[in-house]
Amino acid sequence: MKQRIYYGALVLLVLFGCLPFLDSSYALRIGTFACMYAIMSVSWTVIGGFTGYPSFATGAFFGLGAYCGGVLINKGWSLFAAAGAAGAIAFAGAIALGLVLLRLRGHYFAIASLAVAEVLRELANTATNLTGGGMGLNIPMSVKGSSSVMGEASFFFWAMWTLLLLTFIVVRLIQESKLGFGLICIKQNESAADMIGVNATIYKSLAFAFSGVFVSMAGALYAAWVHYIEPPDVFDILFAIKPIVMALLGGLGSPAGALLGAFAFLGIEEAVWRNYLQIHSGVLGLMVVVLLLFLPEGMMSISKRLSQLGGRRG
Amino acid sequence: MLILQILLNAIVLGSLYACIAVGFSLVWGVLNVINMMHGSFIVLGSYLAWGAYKALGIAPWTSLLIAAPVFFCIGYGIQRGVLNRVIAAPVLVTLTLTFGLDLILNNAMLVAFTADYRQLVLDPSLGSLSAGSLVVPIDRIVAMVFSLLLTLALFLVLRRSRIGRAIVAVRMDRDAARLMGVDVPSIYATAFGLGAAMAGCAGVLLAMIFPISPIASGSYLGKAFVVCVLGGLGSVPGAVVGGLFLAIVESFGSLVLGPENSVTLSFGLLIVFLIFRPQGLLGKRGFE
């Protein structure tokens with residue numbers, strides 16, 4: 001069953017890569033956002049789903065990556081070098097930060113991870129020489145050879161899509177590996193996992209780092225894609241909350257669920273919210289509340305529930 | 001003299017921080033729920049004071065008498081209707097749920113009041129007290145006195161009243177309290193209602209000093225977090241000590257490092273405390 005969902009999601013993902021052939025700039029834009037959100041929610045699964053640590057640091061990684069990418073591209077780096085560097089910085093930073101923050105559990109960890117984005121936003125705001133501060137940062141065109149608007153849009157779609165594919169496969173490999181097994185042990189009982197020889201500190205830090213590295217690279221791509229970033233835009237608290245909602249929507253702890261949850265989330269967002277700009281975040285809140293109260297195990301549990309319901313009747 | 005003036009301002013601010021944090025701390029300690037709505041409750045309280053003064057001419061300190069019962073009922077209802085269903089769920093669920101509720105409440109306020117800053121201007125103004133070169137506006141002193149009185153009142157309720165003892169009992173050991181005949185869900189709802197009432201009253205007092213806007217809710221919430229961690233979770237004296245400590249560090253920190261770094265400073269302090277002294281200045285280790 002699990003394998004089937006995984007391969008199903010993979011096939012869907014590959015099919016999704018054909019989107020540019022539709023030749024619609026609207027579809028490309030939504031598609032790029034869908035890939036970006038899916039990178040976030042699939043990455044979050046490593047720390048939040050496997051390890052059971054409620055991390056609100058996704059937004060921090062995203063903003064960090066966007067600023068690393070933006071600053072480096074401005075210094076003349078190529079897009080891929082800048083994205084790679086953003087990933088490396090996030091990985092190293094997350095390991096270092098993880099060694100400190102992951103000693104905390106429960107609410108304390110959640111708050112501390114939330115605070116990371118606040119601090120980074122303030123730093124980006126005040127380090128005017130490097131980041132442009134509150135005025136934001138302009139990022140020059142970084143794609144050579146594609147002068148057309150559609151060409152650039154397809155390029156960024158494929159870049160984001162490739163990154164999503166990479167994220168999805170890596171996260172799946174982590175789930176299958178010794179690391180993933182250790183993380184699930186930590187989720188179930190951290191002290192016991194430590195006793196039987198899982199090095200919890202290192203495992204947790206690795207999980208935190210893997211939850212950040214691809215998000216940070218996506219941030220760098222985003223910065224190059226939109227050409228202009230500012231602190232409240234890329235360190236938005238909604239970037240911390242949306243991946244969690246998507247993962248919950250799909251079903252906690254499964255990368256395929258997180259992927260499908262992200263796509264479903266964006267579908268709902270497009271269908272509902274663009275009609276209600278004024279109450280955008282209110283509708284998101286309502287969705288969160290309804291989801292948590294009535295469908296806490298996500299969409300994946302619908303079929304199970306239906307069959308239970310049928311069983312009861314029959 | 002500058003140092004003394006800053007210290008004086010910090011004490012006024014610290015008392016308000018205590019009032020902001022004490023309800024948050026109560027909810028966190030008793031229900032083990034982080035109430036992300038706390039900041040929005042505070043802002044809503046400010047709007048209540050602003051509206052009551054503007055439309056009916058009711059002074060803010062009189063509005064406290066309206067705010068307390070109104071917010072108690074709101075909090076009691078939310079806990080009974082929504083939160084109680086997931087109270088035993090993992091941290092992620094309760095935290096995300098209150099976050100969702102906060103998005104709704106905050107968005108509703110944005111639609112109702114817009115993001116423009118409002119200011120409650122007392123007319124005639126209360127003037128200010130001065131001694132030497134030290135100056136304190138009287139409205140700030142009034143806000144400080146009332147926030148300390150409210151905090152004291154909550155302390156006495158928890159210490160002396162029957163319901164307060166039941167709340168403390170549930171905090172210490174839920175199962176034992178239930179065996180002693182305490183109706184735990186109703187205590188949860190009462191504690192949440194008290195937390196909301198404190199937030200609403202803090203908002204009323206803050207309206208006398210700070211401009212009012214739904215955007216401010218996040219920063220109030222942040223202060224409540226930091227004060228709770230600094231002072232120690234779930235204790236009223238802890239919130240007072242934590243509030244004063246935070247205000248002093250912030251005031252002198254912005255004198256030395258510049259005001260733009262005060263958020264970084266307070267969150268840096270938060271992280272240092274979380275790691276080296278998670279029980280806070282007054283808390284006892286393992287009292288959870």
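Is A:His227 buried, exposed or partly exposed, and how many C-beta neighbours lie inside 10 Å of A:His227? A:His227 counts as partly exposed because 14 C-beta neighbours lie inside 10 Å. The model is predicted. In this model, 31 residues of chain A are in contact with 31 residues of chain B.

- The side of chain A that touches chain B receives two or more residues from each of helix 5 (106-126), helix 12 (238-250) and helix 14 (280-294) of chain A.
- Helix 5 of chain A supplies the largest share of that side, namely twelve residues.
- By residue class, the side of chain A that touches chain B holds 20 nonpolar, eight polar and three charged residues.

**Helix 3 and helix 4 of chain A**

- Helix 3 (residues 58-74) and helix 4 (residues 79-101) of chain A have axes that come within 8 Å and cross at roughly 140°.
- Helix 3 of chain A and helix 4 of chain A are therefore oblique to each other, and their crossing is right-handed.
- On the side of helix 3 of chain A, the residues that meet helix 4 of chain A are A:Phe61, A:Leu64, A:Gly65, A:Cys68, A:Gly69, A:Leu72 and A:Ile73.
- From helix 4 of chain A, the partners are A:Leu79, A:Ala82, A:Ala83, A:Ala85, A:Ala86, A:Ile89 and A:Ala90.
- The residues of this contact between helix 3 and helix 4 of chain A comprise twelve nonpolar, two polar and no charged.

**Helix 2 and helix 13 of chain A**

- Helix 2 (residues 25-50) of chain A packs against helix 13 (residues 255-272) of chain A at an angle of about 140°, and their axes are 8 Å apart.
- Helix 2 of chain A and helix 13 of chain A are therefore oblique to each other, and helix 2 passes helix 13 in a right-handed crossing.
- Helix 2 of chain A contributes A:Ile30, A:Phe33, A:Ala34, A:Tyr37, A:Ala38, A:Ser41, A:Val42 and A:Thr45 to the contact.
- Helix 13 of chain A contributes A:Pro255, A:Ala258, A:Leu259, A:Gly261, A:Ala262, A:Phe263, A:Phe265, A:Leu266 and A:Glu270.
- The contact of helix 2 with helix 13 of chain A divides into 13 nonpolar residues, three polar and one charged.

- In chain B, the axes of helix 3 (residues 60-81) and helix 8 (residues 184-207) come within 7 Å and cross at roughly 145°.
- The crossing of helix 3 and helix 8 of chain B is right-handed.
- Residues of the contact between helix 3 and helix 8 of chain B divide into 21 nonpolar, seven polar and one charged.
- B:Ala67 belongs to helix 3 of chain B and is buried, because 28 other C-beta atoms lie within 10 Å.
- Apart from neighbours within four places in sequence, B:Ala67 is in contact with B:Gly45, B:Leu48, B:Gly200, B:Cys201 and B:Val204.
- B:Ala67 and B:Pro211 are 144 residues apart in sequence, and their C-alpha atoms are 18 Å apart in space.

- Strand 1 (residues 128-131) and strand 2 (residues 134-137) of chain B run antiparallel and are joined by four bridges.

**Positive phi at residues other than glycine**

- A:His227 is not a glycine, yet has a positive phi of about 65°.
- The position of A:His227 is the loop between helix 10 (200-226) and strand 2 (228-229) of chain A.
- B:Thr114, likewise not a glycine, has a positive phi of about 60°.
- B:Thr114 is found in the loop between helix 4 (91-113) and strand 1 of chain B.
- B:Thr114 is exposed, because 11 other C-beta atoms lie within 10 Å.

Technical notes
Residues are numbered from 1 along each chain as its sequence is written. Chains are lettered from A and ligands numbered from 1 in the order in which they are written. This is a predicted model: local features need pLDDT of at least 70, side-chain atom pairs count only at pLDDT 80 or more; totals for chains, interfaces and linings use all residues. Two residues are in contact if their C-beta atoms, placed from the backbone, lie within 7 Å. Ala, Val, Leu, Ile, Met, Phe, Trp, Tyr, Cys and Pro count as nonpolar, Asp, Glu, Lys and Arg as charged, and the others, Gly among them, as polar. Two strands pair if DSSP finds at least two bridges between them. Axes are lines fitted to C-alpha atoms, for helices over the stretch in contact, and angles run from 0 to 180 degrees between N-to-C directions. A crossing is left-handed if the near helix is turned anticlockwise from the far one by less than a right angle, and right-handed if clockwise. A residue is buried if 20 or more other C-beta atoms lie within 10 Å of its own, exposed if 12 or fewer, and partly exposed in between; C-beta atoms are placed from the backbone. Angles under 35 degrees count as roughly parallel, over 145 as roughly antiparallel, 65 to 115 as roughly perpendicular and the rest as oblique.
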